[in-house]
Amino acid sequence: MAQSVIAETQTAILPLVPYLDTLRWVFIAVALGGITVTIYARLDDWRSGQR
């Protein structure tokens, strides 16, 4: 029973494999963008407090 479920899942996932690599890079880019925006906002707040 479990083997048939695993086999079905594997056949469903195999066509998506080329997209998984792209999605990984998209996720990394979005995460880096969020970190950049956060750092910019922190620096901007810090500079506003200096005035």
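**Working through the model**

Tutor: Start with Arg 24, which counts as partly exposed because its relative accessibility is 47% (buried is under 20% relative accessible area, exposed over 50%, partly exposed in between, with a 1.4 Å probe and protein chains only). This is a predicted model, where local features need pLDDT of at least 70, side-chain atom pairs count only at pLDDT 80 or more, and totals for chains, interfaces and linings use all residues. Residues are numbered from 1 along each chain as its sequence is written, and side-chain values use heavy atoms, leaving out hydrogens and water.

Student: What does Arg 24 form a salt bridge with?

Tutor: With Asp 21; their closest N and O atoms are 2.6 Å apart. A salt bridge here is a side-chain nitrogen of Lys or Arg within 4 Å of a carboxyl oxygen of Asp or Glu.

Student: And is Asp 21 buried or partly exposed?

Tutor: Asp 21 is partly exposed, at 39% relative accessibility. Arg 24 and Asp 21 are three residues apart in helix 2 (residues 17-50), so about one helical turn separates them.

Student: How many helices and strands are there in the chain?

Tutor: Two helices and zero strands, where helices (H or I, at least four residues) and strands (E, at least two) are DSSP runs numbered from the N terminus.

Student: What about buried residues in the chain?

Tutor: They make up 0% of its 51 residues. In helix 1, the count of buried residues among its 12 residues is zero.

Student: What does the C-alpha trace span?

Tutor: About 70 × 20 × 5 Å along the principal axes of the protein chain.
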